[in-house]
Amino acid sequence: MLMQQVLNGIVVGSVYGLFALGFTLLFGVNHIMNMAHGSVFMWGAFAGLFVMLKLDAPIYVSLLAGMLAGGVVSILLELLAFRPLRRRQAPEFSAIVSSIGADLVLLSIAQKVSNTAIMRFPFDAFPIVLFTFMGLRIQLLQLVIVGLVIVMVVGLVWYLYRTSFGLRIRAVAYAEQTSRLLGINPGPVNLQVFFISGALAGMAGVLIGLVFNSVHFAMGEPLLLRAFVIIILGGLGSIPGALIAGLAIGIVQTLSVAYVSSGFAEAIVFLALFIVIVVRPTGLFGQPTAAMRVQRA
């Protein structure tokens, strides 16, 4: 029973980590907290479900549609909510307020379109295949989800550290003004980052919709709160940290629901966050800033 719950936690946590990857990527490159990231996740799930229900598309097309929708919505957020503020050199708090406003708009549109209904994937959306291994019941969907997350993480790391596009992204993340002097235009780079972030959120939305067989307009808001916990635990801007912290949160949450109470699950997660912050303020993989090193000295 314990190992079965751990397995379930790994599956859910891997999707949490996938969602948080896009969130931490935006923070690492643009140094902003995109409070509308949960709505991007939700619209990705809506798009994947729509393509499957209306076009009778297979699951891989549904996943691609979710990624595309998430990427497009994220780019629109960059163009309408964030880029005008950067041009005016507005403070970071302005970007947070702007993203909250955009989040409310996206939620309102989704609420109106869906009529606040909870929608579900068809029963045969994914083949129901069960495996038994050392007493564990493993679904094919669980294996596919973990495999997809691994592929996406490896692909993202390869893109960032093994391609010229990734080199430009890292240059802009390090110092945007300096990157201009090197001939790098931050505009297209930021569009890439927002599209990748949205695509990851869109895929996570479709996967969560499949796991819980539930898609509704407010599905991204609780996940956004967990994403905050994940990126703080893993370290702001850390890709490995986001994945590992996502897995840890998924396992802790699943075990808490199974052995303690569903009402205490969130409290236990935030207690773990408090302990980690006290022991290591920068998170598991975060690096101390210059100001923090001076304070310690």
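Buried here means under 20% relative accessible area, exposed means over 50%, and partly exposed is in between (1.4 Å probe, protein chains only). You're looking at a predicted model, where local features need pLDDT of at least 70, side-chain atom pairs count only at pLDDT 80 or more, and totals for chains, interfaces and linings use all residues. Residues are numbered from 1 along each chain as its sequence is written, and side-chain values use heavy atoms, with hydrogens and water left out.

**Stop 1: Thr24.** Select Thr24, which lies in helix α1; helices (H or I, at least four residues) are DSSP runs, numbered from the N terminus. Thr24 counts as buried, because its relative accessibility is 1%. Leave aside the neighbours within four places in sequence, and Thr24 is in contact (heavy atoms within 4.5 Å) with Ile231, Gly235, Leu236, Gly237, Ser238 and Ala242.

**Stop 2: elsewhere on α1.** Go to Gln5, also found in helix α1. Gln5 is buried too, at a relative accessible area of 13%. With neighbours within four places in sequence left aside, Gln5 is in contact with Thr254, Leu255, Ala258 and Tyr259.

Now pick Leu26, another α1 residue, buried with a relative accessible area of 0%. Beyond the neighbours within four places in sequence, its contacts are His31, Ile32, Asn34, Val193, Phe194 and Ser197. For a sense of scale, draw a distance from the C-alpha of Leu26 to that of Asp124: 98 residues apart along the chain, they are separated by 35 Å.

**Stop 3: α1 against α8.** Two packed helices are described by the angle between their axes and the distance between the axes. Show α1 (residues 2–30) and α8 (residues 186–212): their axes come within 9 Å and cross at roughly 165°. The axes are lines fitted to C-alpha atoms, for helices over the stretch in contact, with angles running from 0 to 180 degrees between N-to-C directions. That makes α1 roughly antiparallel to α8; the label is for angles over 145 degrees, while those under 35 count as roughly parallel, 65 to 115 as roughly perpendicular and the rest as oblique.

Which residues meet here? On α1 they include Val12, Tyr16, Phe19 and Leu25, and on α8 they include Asn190, Ile196, Leu200 and Phe212. The residues of this contact divide into 20 nonpolar, four polar and no charged. In this scheme Ala, Val, Leu, Ile, Met, Phe, Trp, Tyr, Cys and Pro count as nonpolar, Asp, Glu, Lys and Arg as charged, and the others, Gly among them, as polar.

**Stop 4: α2 against α4.** Switch to α2 (residues 37–55) and α4 (residues 92–114), whose axes come within 10 Å and cross at roughly 25°. This pair is therefore roughly parallel. Ser39, Met42, Trp43 and Phe46 in α2 meet Asp103, Leu106, Leu107, Ile109, Ala110 and Ser114 in α4. Here the contact residues divide into seven nonpolar, two polar and one charged.

Stop 5: Most residues other than glycine have a negative phi, and most peptide bonds are trans. Select His31, in the loop between α1 and α2: not a glycine, yet its phi is positive at about 60°. His31 is partly exposed, with a relative accessible area of 38%.

Finish at Asp56, in the loop between α2 and α3 (59–87). Asp56 has a positive phi of about 55°, again without being a glycine. Is Asp56 buried or exposed? At 67% relative accessibility, Asp56 counts as exposed.

Key. Helices (H or I, at least four residues) and strands (E, at least two) are DSSP runs, numbered from the N terminus.
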